[in-house]
Amino acid sequence: MKIHEKYILRCIELGKNGLGTTAPNPMVGCVILYDDKIIGEGFTSPFGGAHAEVNAINSVKNKNLLKKAILYVSLEPCSHYGKTPPCTDLILKCGIPRIVIGIQDPHSKVAGKGINALEEKGREVIVPVLKEQCREHHKRFLTFHEKKRPYIILKWAESSDGYIAPKKSERAKTPEPFWISNRYSRQLVHQWRTEEQAILVGTNTVLEDNPKLNPRTWQGKSPLRVVIDRHLKIPENYNIYDQTANTLIFTQAKTDLPKRKGLEFQEIDFSENVITQICDQLHQRNVQSIIIEGGAETLKSFIEHDVWDEARIFTGTSELGNGIKAPEIGGVEIERTTLENDLLRILKND
């Protein structure tokens with residue numbers, strides 16, 4: 001392995017520590033090398049905090065070494081003022097002569113300006129390195145800025161014979177929640193919820209399951225709950241109204257419901273492309289990633305409009321015989337694993 005690739009891989013590894021906390025900032029990793037030894041490392045702090053380059057530089061005990069060091073970073077350093085000062089200014093101030101960058105930042109406020117700022121001051125800049133791996137790592141951030149929508153993850157569990165739920169008449173016999181996947185799979189889903197910014201379901205899913213849509217079995221931040229409720233059918237005593245997490249409801253109804261903290265209604269035109277409108281609204285709210293958890297019609301809508309990036313599909317061992325059919329989806333399988341007796345397949349939209 002080439003030396004630059006080795007340390008960009010380490011940057012990616014470090015950057016993963018920011019999953020679920022840095023958005024809408026990218027989860028960047030940074031390594032500082034002197035005399036073939038790592039003298040500093042860092043990754044992006046939770047949103048509003050220091051960027052990876054700042055944390056890496058601050059971790060270097062002997063700052064005099066920076067003048068002969070190499071700085072590795074998975075994404076182009078910022079060159080503009082946001083919640084923190086430009087990272088390029090700090091790199092220049094410290095006299096770091098060589099900067100190796102995984103990929104260029106597509107953000108309109110950066111987009112090569114950081115690289116130019118460094119080169120104009122006589123710094124050697126090497127870019128790109130491990131471009132595809134860095135793009136995969138920064139997939140949420142890149143999708144948001146390049147496609148102007150969140151990175152979209154579809155998720156469902158289906159029976160061994162291809163159903164995601166029994167018939168409504170069968171469900172009515174037992175008021176308890178109906179589970180296809182096992183407890184290990186369900187806990188993994190709760191972990192995923194802490195890693196993404198939002199989670200979306202349709203009206204029928206809420207009416208049938210009354211879900212909380214939070215990470216109850218995993219420590220972390222609750223995602224924004226997004227619900228499609230065209231005619232505001234969901235009663236106010238349902239969990240989505242409990243104010244335990246910020247909630248956005250897409251509707252066409254004129255609402256005079258009392259305002260509650262963390263609850264927002266957004267009117268959209270259901271005679272037009274609903275998926276596009278939802279993506280546009282989420283983009284305006286700086287939501288970079290979302291999990292679509294159901295129901296079947298909602299999932300099918302995203303698939304039919306080809307607006308999805310990744311699908312995570314659990315297959316349990318039970319047979320239902322009939323019920324609500326699981327969505328049909330294409331894509332390329334990139335991972336297959338088991339959790340006890342559940343099969344998990346992860347697909348990429350090709």
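A salt bridge is a side-chain nitrogen of Lys or Arg within 4 Å of a carboxyl oxygen of Asp or Glu. The structure shown above is a predicted model, in which local features need pLDDT of at least 70 and side-chain atom pairs count only at pLDDT 80 or more, while totals for chains, interfaces and linings use all residues. Residues are numbered from 1 along each chain as its sequence is written, and side-chain values use heavy atoms, with hydrogens and water left out.

The structure holds 19 salt bridges, and one of them joins the side chains of Glu-136 and Lys-348, with 3.3 Å from N to O. Because Glu-136 lies in helix H5 (residues 131-137) and Lys-348 in strand E16 (residues 342-348), this pair ties together parts that are 212 residues apart in sequence. Helices (H or I, at least four residues) and strands (E, at least two) are DSSP runs, numbered from the N terminus. To describe how open a residue is, buried means under 20% relative accessible area, exposed over 50%, and partly exposed in between (1.4 Å probe, protein chains only). Glu-136, at 37% relative accessibility, counts as partly exposed, whereas Lys-348, with a relative accessible area of 16%, is buried. Both residues also belong to a network of salt bridges that links Glu-136, Lys-139, Glu-310, Arg-312 and Lys-348.

A second salt bridge pairs Asp-309 with Arg-149, whose closest N and O atoms are 2.7 Å apart. Asp-309 lies in the loop between helix H11 (296-304) and strand E13 (310-315), and Arg-149 in the loop between helix H6 (139-147) and strand E6 (151-158), so the pair ties together parts that are 160 residues apart in sequence. Asp-309 and Arg-149 are both buried.

Turning to helix H1 (residues 3-15), its 13 residues should span 18 Å at 1.5 Å a residue, and the end C-alpha atoms are 19 Å apart, which agrees; the expected span is 1.5 Å times one less than the number of residues in a helix. Within H1, the residues His-4, Tyr-7, Ile-8, Cys-11, Ile-12, Leu-14 and Gly-15 are buried. These residues cover an arc of only 165° around the axis, which puts them on the same side of H1, the arc being that of the directions from the helix axis to the C-beta atoms. An α-helix has 3.6 residues a turn, so residues three or four places apart point the same way. What covers the buried residues of H1 includes strand E1 (29-34), strand E2 (37-43), strand E3 (70-75), strand E4 (98-103), strand E5 (124-126) and H5.

Terms used:
Contact means heavy atoms within 4.5 Å.
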